[in-house]
Each structure stands twice: as structure tokens, then as C-alpha cells.
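I opened my notebook and wanted to learn how this chain holds itself together. I began with charged side chains, then moved on to strands and cores.

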Amino acid sequence: MELPLESAFAVFDAQDSGCVSYGVEASGRRWFVKTATTAQSRRSLLRAARFHAAVRHEAIVRPEHVLDGPTLVYPWHDGSVLNHATTHGSDRSALHRFQQLPLREVQAAIGTILDAHVAITAAGFVAVDLYDGCFLYDFHARQLRLIDLDEYRPGPFTLDTDRLPGSRRYMAPEEFVRGAVIDQRTTVYTLGRAIHHVLDSPHGWRGSRHQQQVAVRATTRTPADRYPDVAALAAAWRSTLPNP
């Protein structure tokens with residue numbers, strides 16, 4: 001495929017991941033192209049390619065082509081990233097807009113996030129570096145998609161560094177402890193933080209008391225006190241929803 005950067009209609013190059021991404025038109029379609037510029041970012045994109053080869057869910061944007069480099073070529077989707085994080089800082093204006101949507105639409109988006117992670121964990125992967133910058137929301141179509149899941153890894157695994165990559169606002173305590181076990185209960189914590197952030201607002205908590213209790217249990221400091229797996233968290237979340 002001919003995907004020249006110089007013909008891009010959008011460029012995303014101020015990323016601390018070491019990747020340069022851009023939008024380009026080719027073969028009558030729009031594509032999101034992600035390239036590596038450092039050894040670390042190459043490892044990340046190779047990890048992403050393995051993840052997407054193993055996981056399928058309609059909400060997860062996956063590459064249609066993996067080229068040498070590696071270069072990952074995704075279909076382009078319109079929408080706003082809820083946290084546009086760059087080396088210059090974070091822009092959460094889309095998150096603030098999202099938090100003002102009708103509650104039923106926010107709840108539907110949370111359901112999408114949880115359902116996708118049920119599929120992810122069923123395929124043997126755990127979440128790493130999940131935060132609101134991975135949530136692409138189309139405000140016109142009222143549809144949430146998951147992007148940039150490059151650091152997801154087969155699990156459980158034992159942390160052999162001093163910390164995992166990610167946003168402290170979403171990370172579980174064990175992600176900062178060398179030798180800690182990273183498993184589905186770690187993913188449960190991160191998803192609990194996602195529930196908290198998207199149901200919060202400048203005016204306070206928008207969810208029900210029961211939904212708040214679900215988020216609190218998911219983010220308990222001790223892993224054994226959380227939901228045992230993502231499927232259990234998803235079931236607890238569904239029990240909080242009003243009947244259709």
C-alpha cells in the first residue's frame with residue numbers, strides 16, 4: 001500500500017510512546033497509520049499486532065494490515081478521543097462533553113467497554129495502559145470504540161520492572177510493584193476506574209448508589225477483595241441497569 005506521510009490529512013507526532021501516527025487516503029478509503037520511531041515503540045507495535053491477531057470484538061479497532069517496520073494500518077473512524085494526551089499535556093474537553101450526555105448513553109458506553117474486556121480476557125490477555133485516551137467516541141453516531149491497546153499482554157504475568165506503562169489515574173497499586181502478579185483482577189481495577197471517570201462530572205457523581213458500589217469494589221486496593229474476574233464485574237454492572 002502507498003501510504004505516504006506527506007499526503008496525510010492529519011498527523012499525530014507529539015506522542016510519548018515514540019510512535020508517529022497519521023490519517024491518509026488510499027484505495028478509496030481513509031486509514032489511520034501507526035509507525036514506530038524507537039526500539040521501544042517497535043516492541044509496542046509488535047505486541048499490538050499479536051494482541052489483535054488473537055482478539056476480536058466489534059468495539060475494538062484492529063489493524064487490517066501489518067506492514068514491515070512494523071507499521072499498523074487501521075480503518076479510519078470519526079470521533080473524539082476522550083483524553084487527547086500528548087507530550088504537551090492532556091486535553092479532556094471531549095471527556096467533559098461525554099460526561100454531559102444523557103445517562104443512558106454513558107451507561108451504554110460503559111457496557112461496551114466491559115463487554116470488550118470480557119472478550120479480551122477470554123482470549124487470555126490483561127489490560128495494560130488503558131485510560132480515557134483509549135476511548136474514541138463518535139458523538140454523532142453515539143458509538144464508543146477502543147483504540148491504542150498496544151500494551152495489552154498475555155496474562156497473568158509477573159511484573160519484572162518497577163512499574164507498567166500507564167496513567168496513574170487508572171493504574172492498580174500492584175502495577176508499581178516489581179514481582180507483583182498482574183492478572184484479571186488488575187484489569188478489574190482499571191475498568192473500575194474507567195466507570196468512575198466517565199460517570200463523574202463537574203457537578204458530581206451521575207450514577208446510582210449501586211453503580212458507585214460496583215466501582216468501589218472493583219478498585220479495592222487489595223486484589224483479593226475485588227471482583228475475581230472481568231466477567232464478574234460485567235455481571236455486577238449489568239445488575240445495576242434499569243430494565244429496558
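**Entry 1: a charged pair**

I noted the rule: a side-chain nitrogen of Lys or Arg lies within 4 Å of a carboxyl oxygen of Asp or Glu. Helices (H or I, at least four residues) and strands (E, at least two) are DSSP runs, numbered from the N terminus.

Is Lys34 buried or exposed? I found it buried, at 6% relative accessible area. Asp148 is partly exposed, at 33%. Buried means under 20% relative accessible area, exposed over 50%, and partly exposed in between, with a 1.4 Å probe and protein chains only. Asp150 joins Lys34 and Asp148 in a network of salt bridges.

**Entry 2: ground rules**

Residues are numbered from 1 along each chain as its sequence is written, and side-chain values use heavy atoms, with hydrogens and water left out. Because the model is predicted, local features need pLDDT of at least 70 and side-chain atom pairs count only at pLDDT 80 or more, while totals for chains, interfaces and linings use all residues.

Arg142 lies in the loop between strand 10 and strand 11, and Glu105 in helix 3, so the pair ties together parts 37 residues apart in sequence. Arg142 is partly exposed at 40% relative accessibility. Glu105 is partly exposed too, at 25%.

I went back to strand 3 (residues 29-36). Six of its eight residues are buried, so strand 3 is largely enclosed by the rest of the structure. Strand 3 pairs with strand 2 in the antiparallel sense over eight bridges. Two strands pair if DSSP finds at least two bridges between them. Strand 3 also pairs with strand 5 (residues 71-75), antiparallel, over five bridges. What stands opposite Lys34 in strand 5? I found Leu72 there.

Strand 2 and strand 3 form a hairpin with two residues between them. Ser27 in that turn has a positive phi of about 55°.

**Entry 3: the cores**

Next I checked the largest nonpolar core, which has 43 residues. Such a core is a set of buried Ala, Val, Leu, Ile, Met, Phe, Trp, Tyr and Cys residues joined through side-chain atoms within 4.5 Å. Phe98, Phe135, Leu149 and Leu233 touch the most other members. Which helix gives the largest share of this core? Helix 3 does, with seven residues. A second, separate core has 10 residues, including Cys19 and Leu72. Cys19 stands opposite Ala36 in strand 3.
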